[in-house]
Amino acid sequence: MSVRTAAARIGALTAPLLCAALIAGCGGGGGGSGGGDVASGASGSNAPVALPAPTKESAQVVASAPSAPAAAQAGPVALTGPRTPIYRFYNSRTNAHFYTMSAEERDMVMVRFPQFNYEGVGFTAYAAPQPGLNAVYRFYNVRTGTHFYTIGEAERDTVINTLAAVYVFDGPAWYAATGGDGSGIPMYRFYNASTGTHFYTISAQEEADVRARFPQFTPEGIGYYAWTETATVAPLQPAEPVDLSRVLGLWAIDPSGVGGDAGGDGGVGGSAGDGSPLRRVTVILKDATPLPVVPPNYTGAPPPDPEVARGTTDANGRFLLKFRTATIRPPLLLQVIDAGGNVLASTTAEQVPTGMAIRLNVNPLTDKIASDVLAPSAGSTDKRVVGSQLDLSRLATATSNLVESSKAALAVAGISDSSAFDPMRSIYELDGKGVDAVIESITHSREPTTGATQLRTKLTAAQTNADGSVTPSLITASTPLAPSAVATESSPALAFAKITAWMNEMNRCFALSSAARAADPECADADGSRLVSPGFRENGKDLAEAYRTLYSEADRSAVQGSTLSNPAILVNFPASSAPPESAATIVEFTVDQPRTGPLAGNVAGRVRYTTMMSFVTTTSPRAKAGNWILGGNQKRFDASIQPGYQYAFQWHLALWSFLPHTYESLLEIRVSPLRFDVATRSYVSADLRAARVKGPGLPSAGLVLSPTTAPGAGRFFTPHNKTGEITAGSMTNARTRPIFYLGIEKTADSQPTANPSWGAGSPDHADAPLTDYSSMQAYSRYTIEYFLTSNTTGTPDWVETARILAPVMPPKYLELLPHNKFAASSAFDPGLIAPPRCFFQFQWYPINGTAAPVDSVFVTDGARIINADVDAVSAQPPSTAAAGTSCADPNAIEIAGYAGMGFRQAGVGSTNARFRVYSTARFN
């Protein structure tokens with residue numbers, strides 16, 4: 001019988017029975033071989049676990065030596081053909097072993113039953129009959145939940161004829177020899193009368209050990225002969241294609257994780273994770289179909305990027321995308337996009353057979369491999385890329401390098417043999433163990449200059465240099481992940497088990513009503529020993545204000561039914577005294593809320609977004625996260641720094657030859673003049689007159705920010721000077737946006753003879769466009785010096801730090817990055833509207849459908865700015881935002897402005913993957 005036929009029989013005959021059997025604990029071997037309920041030397045267990053005692057009837061057949069087959073061979077027979085591995089699992093709940101020849105059944109067990117630890121190949125046998133072999137038959141005992149194996153046909157018939165109510169016949173499992181022919185090794189058989197189960201072993205040493213240590217096991221002699229030569233299949237053997245009709249059961253994919261073409265005849269399935277399962281995130285499959293070519297100065301909605309299928313992962317991070325196999329063109333590229341816009345990718349050159357599904361996981365390891373085979377012109381895996389931009393002739397080398405860089409770490413995580421490991425196709429759980437312990441130990445980022453994927457050690461703090469730049473500890477084949485840097489369960493670092501326990505407890509509390517939550521002492525956490533430190537502070541705010549969307553009811557209690565998921569541990573910061581910085585671990589969560597409360601605008605419907613939380617160490621024995629607790633960043637003032645990009649197009653085509661379309665890289669530096677007063681639960685003046693910021697990309701003397709006097713501008717300080725000078729008296733400026741521009745490049749469709757305009761003399765522009773971005777690494781540190789209104793010196797009153805969570809890339813990084821294409825109506829032309837009534841409409845189109853939703857709109861004439869917030873949750877492409885109001889009342893203007901002022905710039909903004917993206921139009 002072929003492996004496929006055996007798998008089909010198992011699936012058809014025993015799908016529900018096998019599930020029950022596996023949950024209860026299957027009989028089937030120990031050590032290097034057979035099955036049963038005794039602890040084996042290989043498993044590392046100790047005493048056997050007693051299963052329910054058999055009835056007298058069920059014990060009749062198994063209390064004697066195994067019967068011989070109907071026809072034994074007279075002498076040795078030369079056997080031909082390859083032998084097939086028999087896969088072994090150890091059930092940690094029952095100390096039992098389970099064996100199967102089917103790779104499909106092996107993969108199903110690995111996915112669906114985490115209590116079964118895969119131990120590789122126990123022995124080998126034959127998949128089909130030939131002279132010199134007899135079938136080994138498999139039965140399932142419905143009372144004990146174990147399996148019984150016999151090569152004896154008389155014993156088979158006795159069980160079928162007299163014990164059909166107890167034993168379900170599964171048919172031939174594999175083929176073995178009944179006599180020694182010089183190559184086979186005896187398979188010893190024992191019977192445990194107390195449980196009615198058998199134990200099999202191919203190890204002579206283990207056979208002697210069982211005789212000496214376990215008197216409850218009665219020796220029954222040799223059951224049959226099998227083999228142990230290296231037809232051995234290593235752990236993490238890549239999954240073979242499986243029948244599309246059975247893939248959900250085999251790989252434990254919930255129907256909610258199925259996307260694409262419901263009538264498709266092929267599929268790609270797997271798991272998505274980043275240290276934990278990525279639940280309910282977007283999954284997109286692309287093939288070699290090239291990206292569409294958009295004509296220059298195209299103003300409408302751009303043509304969509306080619307996609308084979310799209311869907312979302314299920315509650316365990318698993319997915320299946322279905323499609324019609326006749327229409328796809330390998331290589332395939334898979335991207336997952338979380339609620340914060342973060343992207344991970346995976347790739348394969350494998351052709352999907354009709355009626356089958358192939359395995360393709362997505363995680364930081366696969367993203368690194370995909371990045372290594374991506375054409376340099378494509379940049380990075382988070383861009384608008386397709387399969388035709390992959391050079392899969394480099395795939396084997398990229399995979400080998402990745403495995404080599406992880407080999408020692410995998411061994412520490414319990415995988416001693418990683419020779420067969422394929423991050424894309426192997427099956428492994430996202431549970432903080434094994435492969436996932438290694439994933440949990442890695443921080444995923446991008447190289448600033450090229451966008452190539454970087455894998456960094458997470459537990460080893462990145463070296464922060466005196467200028468704030470970071471020298472990352474990169475993981476490569478030549479600098480592998482050190483065993484000491486693996487996040488094992490005993491590690492003091494904040495890892496999967498700890499953060500998951502904390503998250504689950506928070507979700508339990510969020511599920512309660514406000515009254516029930518307050519009455520629950522575990523949720524109330526009055527002494528701050530379990531969930532949130534009593535010293536929590538995040539940019540000067542308490543918990544309810546720092547996470548005002550989550551804690552957004554009128555009494556600042558959490559919204560009932562909110563949930564946290566997808567915890568991604570980003571980075572560990574060590575403590576520093578100069579400049580002052582608290583030790584912390586930053587974790588990104590996805591938040592799902594059924595609605596928001598008054599403090600967040602009472603938006604109806606489901607809200608989904610990501611949020612960052614800072615955890616600090618604790619000595620409390622009651623802390624749900626082990627030695628960690630939510631503590632906040634401990635900052636006194638409300639300030640943040642994040643990378644950004646701006647696409648600016650020239651709206652007046654008559655000026656296109658002089659002022660080309662451009663991309664710009666920038667830093668958005670938000671220093672608030674307000675602080676949150678916990679006593680009054682309101683924002684009051686922070687008594688700041690200026691702030692000086694130093695760090696990578698900024699002037700060496702520091703960028704000074706001060707309050708802006710521009711009408712309609714936001715509340716944040718804006719650039720005052722780039723000389724670092726703190727002058728006496730009041731400090732103000734008239735700039736409109738809290739942005740410092742780093743670099744600029746023309747777009748590909750710009751007029752070749754036009755040169756981009758650069759405000760070298762302006763405080764909000766670098767003296768010259770930056771050309772080297774290598775120092776702009778993710779997690780770079782910026783020092784913020786605060787000067788109070790009473791300060792008459794150049795010495796700061798307070799010094800704090802801020803970190804960027806993404807690298808700053810060259811401007812053309814935005815070229816193929818999913819973003820919102822902004823288009824303004826003709827009503828923006830001041831000559832087309834007469835006061836006192838003015839009406840303006842913004843329209844934008846998400847490029848590729850994966851751009852982060854627009855959350856702000858602005859209009860500026862260079863001296864004033866009008867901002868408006870947009871409901872990013874309900875916006876659908878193409879999205880519009882419009883308002884009409886009197887031109888004489890600027891305070892009433894939402895998404896509008898003075899028609900007579902001669903607008904210079906307008907645009908939309910969105911937050912995507914830990915950076916800001918702006919799309920703007922210049923009117924001039």
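I started with helix α4, whose buried residues pack against β4 (134–141), β5 (146–150), β6 (167–176) and β7 (185–192). For my own notes: buried means under 20% relative accessible area, exposed over 50%, and partly exposed in between (1.4 Å probe, protein chains only). Contact means heavy atoms within 4.5 Å. Helices (H or I, at least four residues) and strands (E, at least two) are DSSP runs, numbered from the N terminus.

Before going on, I noted that this is a predicted model, where local features need pLDDT of at least 70 and side-chain atom pairs count only at pLDDT 80 or more, while totals for chains, interfaces and linings use all residues. Residues are numbered from 1 along each chain as its sequence is written, and side-chain values use heavy atoms, with hydrogens and water left out.

**Helix α4**

Which residues of α4 (residues 153–162) are buried? I found E155, R156 and V159. They sit on the same side of α4 because they cover an arc of only 105° around the axis; the arc is that of the directions from the helix axis to the C-beta atoms. On the face turned away from that buried side I found the exposed residues N161 and T162.

**S405**

Next I looked up S405, which is in helix α8 (residues 395–412). S405 counts as buried because its relative accessibility is 2%. Leaving out residues up to four places away in sequence, S405 touches I475, T476, A477, P480 and L481.

**The second largest pocket**

I then turned to the second largest pocket, with about 990 Å³ of space. Of its 37 lining residues, N117, E429, D431, K433 and G434 are the closest to its centre. Elements that give two or more residues to this lining are α3 (103–112), β3 (116–125) and α10 (496–510). β3 gives the most, with four residues.

On a 1 Å grid over the protein atoms alone, a pocket is an open set of points where a 1.4 Å probe fits, with protein on both sides within 12 Å along at least five of seven lines; lining residues have an atom within 4 Å of a point.

I checked two cis peptide bonds. One runs from P330 to P331, with omega near 5°, and P331 lies in the loop between β15 (318–323) and β16 (332–337). The other runs from A578 to P579, with omega near 0°.

R280 is not a glycine, yet it has a positive phi of about 55°. I located R280 in the loop between β12 (266–271) and β13 (282–286), and it counts as partly exposed at 39% relative accessibility.

Technical notes. Grid points are joined across faces, edges and corners, and a volume is the space filled by probe spheres set on the points.
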